[in-house]
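Here is a short tour of a structure for you to follow on screen. Keep the viewer open as you read.

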Amino acid sequence: MDVHAAAPEAAPSFVTLIEPHLDYLYAFARKLCGERMAAEDLVQDTLLRAFRAQDSLRNRERPRYWLTKVLLSASADQWRKDAPHEHDVPLEDERFSLFDTLVEEDPLPYSDRLHLDFLDLFDDDSLTASLQRIHAAHRTALVLAYVYGYKAREIAELTGTTTGTVLARLHRGRKQLEKALWEYARQRGLLKGEPRT
Amino acid sequence: MIACRDAVERLWSYLDRNIDGAQEDELEQHLGLCRHCCGELEFAKQVRSKLASSADTPLEGTARERLQKFAQRLGER
């Protein structure tokens with residue numbers, strides 16, 4: 001018997017497995033839910049589901065990807081209850097151009113870099129709040145693609161749909177985002193002469 | 001040449017590299033001649049950059065503690 005043989009390594013605890021991903025899960029949940037407490041609830045639900053399936057987690061090479069899938073499943077169960085039908089984007093939103101609206105309305109008359117300065121009005125909280133004005137399925141696709149850099153085929157795999165559906169959701173989501181940013185800035189009085197609410 | 005409306009419709013797909021070769025050629029031909037759509041393209045890049053920069057919302061101290069304790073309680077089961 002080789003007394004110097006290394007003892008088998010103990011399996012990492014559940015806490016050890018999920019700890020490196022807590023910030024990511026919470027940040028992602030904030031983008032999907034908006035409110036801090038709702039985001040925390042979603043992360044707790046995700047941890048519970050992950051714990052129940054932790055054998056699967058231990059065997060994964062990409063734990064963050066797997067946890068993303070678990071979080072999306074928990075999130076989808078929630079929004080299917082709250083808003084089960086994807087809404088068509090109203091025609092006026094389909095035609096809305098934030099780029100043109102900023103030029104026409106000139107809401108920051110002293111700016112010599114109007115479009116960039118408009119975007120600079122948004123901190124992380126106001127950007128997150130604007131995202132909440134977008135239908136959940138479209139918001140989810142937008143956040144995965146443009147906040148976290150997932151490809152359309154990965155988003156399809158993560159959300160259990162087709163790449164075609166993801167591309168359609170991204171298209172609708174982008175149009176809604178343009179309108180949402182404009183409406184948020186107007187309603188919150190971020191622009192010239194608008195009363196702050 | 002494609003119209004501005006069609007060009008603008010394709011800008012994000014172009015940046016995402018989700019556009020076929022023929023459509024890409026038409027768009028690039030349009031962008032070579034249309035200052036307005038070049039502005040739209042630049043703005044689309046800025047919006048994307050804004051979204052990407054928001055990826056790392058820090059987890060507040062008390063929320064981190066609550067989630068860690070929640071995970072620990074699960075681990076003790």
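## Ground rules

This is a predicted model, in which local features need pLDDT of at least 70, side-chain atom pairs count only at pLDDT 80 or more, and totals for chains, interfaces and linings use all residues. Residues are numbered from 1 along each chain as its sequence is written, while chains are lettered from A and ligands numbered from 1 in the order in which they are written.

## Where chain A touches chain B

Chain A brings 30 residues to the contact and chain B brings 27 residues; two residues are in contact if their C-beta atoms, placed from the backbone, lie within 7 Å. Helices here are DSSP runs (H or I, at least four residues), numbered from the N terminus. Among those giving two or more residues on the side of chain A are helix H2 (22-33), helix H3 (36-52) and helix H12 (163-187) of chain A. H3(A) gives the most, with seven residues.

## A covered helix

H2(A) has twelve residues and reaches 16 Å from its first C-alpha to its last, close to the 16 Å expected at 1.5 Å a residue (1.5 Å times one less than the number of residues). Nine of its twelve residues are buried, that is, with 20 or more other C-beta atoms, placed from the backbone, within 10 Å of their own. These include A:Tyr26, A:Phe28 and A:Arg30. After H2(A) comes A:Gly34, with a positive phi near 85 degrees.

The contact between H9(A) and H12(A) is made by A:Ser126, A:Ala129 and A:Ser130 of H9(A) and A:Ala180, A:Leu181 and A:Tyr184 of H12(A).
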